[in-house]
Amino acid sequence: MKVAYLVSRFPVASETFVVREMNALEERGGFEIELLSLYPPKARFVHASAERWVPRAHRPSRGEAAGAVLHWLTRRPVAFLGLVGAIVRSYIRAPGLMLRALATLLLAAAHARTVERNGVDHVHAHFAGYPALAAWAGNRLTGIPYSFTAHAYDIFIEQQMLHRKVRDAAFVVAISDFNRRFLRDYGGDTETPVHVVHCGVDPAEYPFEPRTVPAAGPVRALCVAALQEKKGHAILLDAVSGAPDLERLELDLVGDGPLRPELEARAGELGLQERVRFHGSIDERAVRDLLEAADLFVLPSIIASDGQMEGIPVALMESLACGLPTVATRISGIPELIDDGRTGLLAEQGSSRDLRRVLTLLIGGQVEVDLQAARRLVEMEFDVRSSAERLAALFESGGLGGGQEDPGDGQVGAG
């Protein structure tokens with residue numbers, strides 16, 4: 001079966017979950033995968049797991065897009081002009097977004113021509129924004145069925161045409177029950193089936209070594225996240241500063257982003273420059289090395305000022321798989337992974353005081369978590385190979401199958 005994956009950009013250092021999913025499907029067998037992207041990558045950093053896809057990724061040139069528009073205006077003029085009209089009507093109050101959506105349509109026209117020519121059976125988009133828009137447009141032009149995975153900002157920030165994208169899809173994938181419930185307001189489960197299929201990791205790549213926080217000496221805390229507001233780094237720095245019980249805590253911050261200069265300055269202002277290390281973007285092997293060296297993991301995600309928030313961060317799956325005591329926040333789908341007081345600890349989002357309280361309890365040895373249960377949860381519900389099996393069943397059945405359904409939570413199979 002030929003399946004085309006459609007993404008906004010490739011490669012993207014923070015979107016290893018897409019690459020892992022494609023790798024798992026190919027390794028499973030039975031699928032020929034094509035990778036289509038819309039826009040140029042913003043950075044050239046490539047993880048080892050993504051290297052095999054770089055020469056295979058196709059992004060249309062301007063010439064291809066122009067030729068495709070002429071092709072569809074000649075072959076299906078009413079359908080193509082109908083797409084233009086639908087986009088204009090949906091984005092009329094957001095002219096800046098409308099221009100981006102119309103540009104996406106031009107690229108979608110080129111991809112539609114490619115998937116039709118190559119005999120693609122199904123198109124799957126990652127993210128409900130422009131990739132799903134392109135998949136929807138391609139479906140209107142070619143009739144090739146599509147689906148998309150809804151993650152976080154792509155449904156929480158902008159909802160233009162979301163109802164239409166959901167309605168016309170063969171099925172929709174949500175990465176959490178939280179997202180599935182959110183999509184019900186846009187036709188999810190009533191007009192189109194929504195299946196919960198978790199993003200995942202390969203547990204075999206993360207040897208399980210249960211850690212305990214040392215009773216004396218430095219405590220190494222690791223945070224792996226892009227340096228952007230919704231990840232809550234500023235809250236973490238505030239929580240650690242001026243807290244006598246946390247003076248042993250040293251922070252390793254992995255990731256890059258627009259807030260790096262501001263966060264580095266903030267660490268200096270708080271007198272934390274000797275206890276905070278900014279590693280920038282590093283490859284997966286280097287991340288695993290830091291996971292092995294850490295005593296605990298912390299990710300203080302928040303609802304950003306523009307409404308952005310997490311789905312279920314893959315970094316938390318990695319930390320639980322390794323046996324690290326993990327601290328996160330009670331937001332979005334995170335409690336589906338971290339059962340507070342059992343598989344990890346949760347603080348209230350946006351509260352440096354509550355994050356300080358939770359970290360103090362953990363470092364002081366006043367609370368323990370079941371690291372074995374955390375590892376089992378990752379193996380059972382967040383294994384990328386299991387997720388690939390569920391997706392494979394959905395692709396093959398057009399979203400009507402995919403394993404045993406639980407009417408209570410809509411998940412496919414066990415996870």
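Here are some questions and answers about the labels given to parts of this structure.

The model is predicted: local features need pLDDT of at least 70, side-chain atom pairs count only at pLDDT 80 or more, and totals for chains, interfaces and linings use all residues. Residues are numbered from 1 along each chain as its sequence is written, and side-chain values use heavy atoms, with hydrogens and water left out.

Q: Why is the contact of R277 and E250 called a salt bridge?
A: The rule asks for a side-chain nitrogen of Lys or Arg within 4 Å of a carboxyl oxygen of Asp or Glu. Here the N to O distance is 3.5 Å, so the pair qualifies. R277 belongs to strand β9 (residues 276–280) and E250 to strand β8 (residues 249–254), 27 residues apart, and the pair links distant parts of the chain. Helices (H or I, at least four residues) and strands (E, at least two) are DSSP runs, numbered from the N terminus.

Q: How do you know whether D252 counts as buried or exposed?
A: Buried means under 20% relative accessible area, exposed over 50%, and partly exposed in between (1.4 Å probe, protein chains only). D252 comes out at 2%, so the label is buried. R277, at 30%, is partly exposed, and E250, at 22%, is partly exposed as well.

Q: What makes Y5 and F395 an aromatic pair, and of which kind?
A: Rings of Phe, Tyr and Trp (its six-membered ring) pair if their centres lie within 6.5 Å; planes under 30 degrees apart count as stacked, over 60 as edge-to-face and the rest as tilted. Y5 and F395 stand at 6.5 Å centre to centre with 85° between the planes, which is edge-to-face. The pair links distant parts of the chain, with Y5 in strand β1 and F395 in helix α15 (residues 384–397), 390 residues apart. Y5 and F395 are both buried.

Q: Why is the pair of F31 and F395 given its ring label?
A: The ring centres are 6.1 Å apart and the planes meet at 65°, so this pair is edge-to-face. F31 lies in the loop between α1 and β2, 364 residues from F395 in helix α15. At 9% relative accessible area, F31 is buried, and F395 is buried at 3%. Ring pairs join Y5, F31, F171 and F395 into a cluster, and the structure holds eight aromatic pairs.

Q: What makes R56 count as sitting over the ring of W53?
A: A charge sits over a ring if NZ of Lys or CZ of Arg is within 6 Å of the ring centre and within 35 degrees of the ring normal. The charged end of R56 is 4.1 Å from the centre of the W53 ring. R100 likewise lies over the face of Y39, at 4.0 Å from the ring centre.

Q: How do you know that β3 and β4 pair?
A: Two strands pair if DSSP finds at least two bridges between them. β3 and strand β4 (residues 146–150) have four bridges in the parallel sense, so they pass. In β4, F148 is the bridge partner of A125.

Q: Why are β2 and β6 said to stand at the edges?
A: The open sheet of six strands runs in the order β2-β1-β3-β4-β5-β6, with parallel pairing. β2 (32–39) and β6 (194–196) each have a single partner strand, so one side of each is left without a neighbour in the sheet.

Q: What makes F127 stand out in its phi?
A: Phi is near 95°, positive in a residue other than glycine. F127 lies in the loop between β3 (122–126) and α5 (130–142), and at 9% relative accessibility F127 is buried. S332 also has a positive phi, near 50°, and is buried at 13%.
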